[in-house]
Amino acid sequence: MKLQSALNFSHTLLKEIVQPGDTVIDATAGKGNDTLFLAQLVGKKGHVYGFDIQAKAVELTQQLIDNNNVRKQTTVINDGHENVTKYVTEPITAAIFNLGYLPAGDHSIVTKPTTTLESVQSIMQQLKKNGVIILVVYYGHPGGEKEKERILQFAQSLDQHVYNVLQYQFINQIHEPPILLALQKR
Ligand code: SAH
């Protein structure tokens with residue numbers, strides 16, 4: 001057994017928590033890998049909402065969804081995740097954020113601390129008991145360090161009676177190894 005990357009560990013956690021029929025969110029759809037992964041976990045009776053502000057990302061994600069026959073349980077939305085409550089009103093079991101820029105795309109389009117936190121706080125209002133919000137925090141780009149600080153500060157401030165908050169990271173790697181944060185409602 002090998003210790004998993006933050007990205008792989010996010011999938012391990014989602015697989016444990018998400019059940020068929022659940023409603024879940026991919027807050028940063030990108031190329032659509034997480035949207036597809038979640039669509040397969042929730043099945044035809046569940047639903048995944050994928051968000052991205054880039055039309056290109058929405059297109060790529062929708063294609064991946066169509067090619068894998070999971071269209072029924074998937075809605076891909078070309079809007080910011082800070083507007084999540086406009087689209088999702090039911091209780092949520094899990095949400096995933098991959099912060100930073102889309103590696104294959106425009107590196108100047110990045111997630112921002114204010115909108116990221118706005119979205120996290122909205123989702124928290126709708127999160128079911130034992131539901132999780134996972135953030136994979138990439139912070140090597142301009143502005144990334146600031147976003148990391150804001151999010152860590154927010155996550156650390158959550159009442160331990162209400163949320164269990166996990167931080168997972170390789171701490172001996174050069175450059176900026178991504179950090180996984182998992183917020184689980186108790
Ligand atoms: N850094 C990660 C990938 C992050 S992709 C990695 O290396 O794997 C982040 C995605 O979030 C991008 O596609 C970007 O367009 C999207 N994004 C940025 N701000 C957003 C917002 N407010 N709402 C929804 N998506 C957003």
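A polar contact is a pair of N or O atoms within 3.5 Å; within protein, one must be able to donate a hydrogen and the other to accept it, and residues adjacent in sequence count only if both atoms are side-chain atoms. This is a predicted model, where local features need pLDDT of at least 70, side-chain atom pairs need 80 or more, and totals for chains, interfaces and linings use all residues. Residues are numbered from 1 along each chain as its sequence is written, and side-chain values use heavy atoms, leaving out hydrogens and water.

View 1. Look for D52, with a polar side-chain atom 2.6 Å from a ligand oxygen. E82 places a polar side-chain atom 3.0 Å from a ligand nitrogen. From Y101, a polar backbone atom lies 3.1 Å from a nitrogen of the ligand.

**View 2. The shell around the ligand.** The shell divides into 10 nonpolar, eight polar and three charged residues (Ala, Val, Leu, Ile, Met, Phe, Trp, Tyr, Cys and Pro count as nonpolar, Asp, Glu, Lys and Arg as charged, the others, Gly among them, as polar).

View 3. E59 pairs with K56 in a salt bridge (a side-chain nitrogen of Lys or Arg within 4 Å of a carboxyl oxygen of Asp or Glu), their closest N and O atoms being 4.0 Å apart. The structure holds four salt bridges.
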